[in-house]
Structures are given as structure tokens and as C-alpha cells.
Amino acid sequence: MTTTEPSPAPKSTFAERLPFFYGWIVVGVAFITMAIGVNARTSFSLLFPPILDEFGWDRATVSAAFSIGFMTSIILSPVVGVSMDRFGPRFVLPLGAVLSAAGFLLATIATEPWHFYLTLGMLVVGGSLFISYIGHTTFLPNWFSRRRGLAVGIAFSGVGVGSIILFPWMQHSIDAVGWRETLYILAILMIVVIVPLNRIFQRRRPEDLGLSAEGDKRTDANTPSDNETSEQSRIVDRAWVETEWTLALAMKTSRFWWLSLSLVTGLYAWYAVQVHQTRFLIDVGIPAETAAIALGAVALTGIGGQIFIGHFSDRMGREWGWTLAMIGYLATYLLLLVLTVVPSTALAFIMVVAQGLLGYGLASVFGSVPVELFAGKRYGIIAGVLGGIASCGAAFGPWATGWLFDQAGNYHMAFSVAVIVCVISIVSMWIAAPRKVRLVAGRIPKTS
């Protein structure tokens, strides 16, 4: 009597595993888009000194361009959400690249403050909203569930990778040929890279291609995928999760407003230091090129920070991830206060590590929490409005920091206020309590 050896299970073909691969293609395109788009906007910190030197305006006047850009973002954020729900990222992201490129080109002929408010402010900063953290937050989290924080962190870490090349090159280019010529090159780069990549590859959600999140698939019509089973086990408040969320309904909840307060104060802390850091370091005696390297090093260390905090929040919870990130900004402002008394390049780079390795991880949690609270057919508009509210912090932070400097003649009061803002942000996220709606994968109770 002969026995038949069982046939080995067939290996998954590339087509069968396409959901998994395509999800990471989406992340890869987002990575490249962020590497160029966000750093192009952040480059305002490098443009700040030469514009001040050329035109002789005060700091509040010039930094207002950045703040006006974020005020524009407040208006545009709901537009991004509605556009994403209706047209998807293949339209929204290229549109943002074109607007930002136009702003850079027009800024080269600016001669009055209001010219910069329109170009570097409304067009560059406002337009970059479509291709930055908020734009990607409206669709990228749809592609992942169990590894959402990690995936968002990897995509957002493109900002750090891009800064390794972009910021040192920009400072060298500004010194060698001028800030106007540098902006020409930035505009061309955005058009030839960001537009075609997003037109070809990006999609709003895996279902648009007949795929599923996390690379999971059903074995038959009646058997849920591993991802669906995992999603059910993560639910804490089933009534909340099963609510068909609209913007009006979400805005009636206290959780929406506590989350908004946490986001707005988080972006205040982020952008206040980002805009003023280079000028501050130069003022305390750090060489201009070293200050530029420091700005790039923030985003460079942010590569690890965004991936680490994203993965950490998948395991420990979004509140803990947010807390750790905001502690990074709190430490940043305390170190800046010390630098006013003890100028030191070594201390400046410790500040850089705190800001990048911890603080930048804020973006990974920012990109994960809204969808876990308000997922549904109208998520795009809800995420867009949350992004617009958060942009109030990004708009107010740089202006308020410049205004406080002009009043006091130093940054002491401005940085002290920022420390308080960091504490408010941490407390607000814990009150918003995303853990009471959905657990992260690492907090799902083990079953025997």
C-alpha cells in the first residue's frame, strides 16, 4: 500500500500579494513627494535671512508670510478633504505641486512684503498643504491598519531623507548664485517629479483597485480576512465606531475639540521653532552654514523619529506616541533657552536630536489618530477640517514667536510660552483618548 505525500501549499503569486506590494508603492510615492514638497516649504527658514538682509524689514513682517500661508491652509484644508473624497490623490497632489511651483517662480520678482505674502505665503505654504502631512493624512492611512503608524511614519520620514540633500544644497546655492535662482530650480523639481509620480501611482484607498489593506485577502466569501478580524478585536467603543460620521456630527463631540486642541498646539510648537531656528542660532554666534546644517539635521534625525514613534504608537498607543514626541519639543525649547546663556555648537546639536528624533515623530501620530476616531465615507472632509484647525497653530506659532521677539528684543518669552503650549498638547491628547475608541495592535489582549 502506497501513501501519497500531501502536496505543498502553493506559493503566493505576485498578483495574489499585490495588495501588500501596492500599499508600499503608495507609501514610496508619498515618501518622495514629502521629501520634496515639505522641504520646499520648510526652506522658508533658509530664505528668511537673505530676504531680511536684502529688504531690511523687521522679523515679524517677513515671518508673517509663513503665517499667512498657514492661514490660507485653514481655508484650504476642508477643500483638500472634499477634493480627496471626490477626485482622489491623483488630482489633489499634482495640483498642490503646481501651486507651490508657481509661488516659487513668482517670488523671484517680489519687491514688497505683500508680494511675499501672496507667493511664498499663500501659494507655496498654502499650496504645499495638498502635498504635505495634511494632504497625505486624508488618504494614506486607508492603506494600512495594524501597521498604520509605521507606514505613515515611513512615508513621512521622506522629509528627513530629502533634507539631507535639499537644505545643504539650498544654503550653498543661496550663497553662490542667490535665493531667486535657487527658487527656479525648486519649482522645476516639483513639476517634473511630484506631478507624474502621483498621477500614475496614487489612489485614495485599496478598494479603488479591488485590493484590501495590509495585503490580506479572504479565503472565501464568508471568512473574514486577518485584517478584518484584527480590526474587530481593536474596537473598544462599538457604538462610536459604527456611527456614520459626518463633519457636523463629529463637531458636536467633545473628543473632536480636544483632539483639535492637541493638534493645534502641537503644530504651534513644531513650526514656531522651525521658522525661527536658523536666525536664532546665527544670533547666538553659530555660523550660518552650521545653522543650515542644523536645520537639515533636524529632518535627518526625524527619519528615525517618525519611524520609531510611528511603530511605538502601534505597540503602546497613540497617546504615548504623542506624549513622547511632544516631550521632544518641550526639551527643544528648554535647550534653546539654555543656548541664549551658553552658546555652544554641541548643545545646538543636542537640541537638534531632541527635535528630530522625538519631536518629528508627532507627524506619525497626527496621521493615524483622525482616521481611527472618524473613519467612514466622509473621513476626507473631517480630516481636512481637523487639518485646517491644526494649521492655526502652524500659522500663529511663527508670527507670535516673531512678535514676542520684537517686543522683548530676545526669544526668552517666546520660548517659555512654547514650553507651556507643549504641556497643553500632551494633556489634550490624553483627554481625546483614542484608546477608548480603538486599541492599537500592540494593545489587543492576548487570547489563549
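Biologist: What makes the crossing of helix 3 and helix 13 right-handed?

Modeller: Helix 3 passes helix 13 in a right-handed crossing, a term used if the near helix is turned clockwise from the far one by less than a right angle, with anticlockwise giving left-handed. This is a predicted model, where local features need pLDDT of at least 70, side-chain atom pairs count only at pLDDT 80 or more, and totals for chains, interfaces and linings use all residues. Residues are numbered from 1 along each chain as its sequence is written, and side-chain values use heavy atoms, leaving out hydrogens and water.

Biologist: Why are helix 3 and helix 13 called roughly antiparallel?

Modeller: Their axes cross at roughly 155° and come within 11 Å. Angles over 145 degrees count as roughly antiparallel, under 35 as roughly parallel, 65 to 115 as roughly perpendicular and the rest as oblique. Helix 3 and helix 13 are therefore roughly antiparallel.

Biologist: And what makes helix 13 oblique to helix 19?

Modeller: Helix 13 and helix 19 (residues 379–408) pack at about 40°, with axes 7 Å apart. That angle makes helix 13 oblique to helix 19.

Biologist: Which helix gives the most to the nonpolar patch?

Modeller: Helix 20 does, with five residues. The patch includes W258, L261 and I431, and has about 560 Å² of accessible area together.

Biologist: Why is I431 called partly exposed?

Modeller: I431 lies in helix 20. Buried means under 20% relative accessible area, exposed over 50%, and partly exposed in between (1.4 Å probe, protein chains only). I431 has 41% relative accessibility, so I431 counts as partly exposed.

Note on methods
Patches are made of residues with over 30% relative accessible area and no salt bridge: like charges are joined within 9 Å, nonpolar side chains (Val, Leu, Ile, Met, Phe, Trp, Tyr) within 5 Å. Accessible areas come from the Shrake-Rupley method with a 1.4 Å probe; for residues, only the protein chains shown count as cover. A salt bridge is a side-chain nitrogen of Lys or Arg within 4 Å of a carboxyl oxygen of Asp or Glu. Helices (H or I, at least four residues) and strands (E, at least two) are DSSP runs, numbered from the N terminus. Axes are lines fitted to C-alpha atoms, for helices over the stretch in contact, and angles run from 0 to 180 degrees between N-to-C directions.
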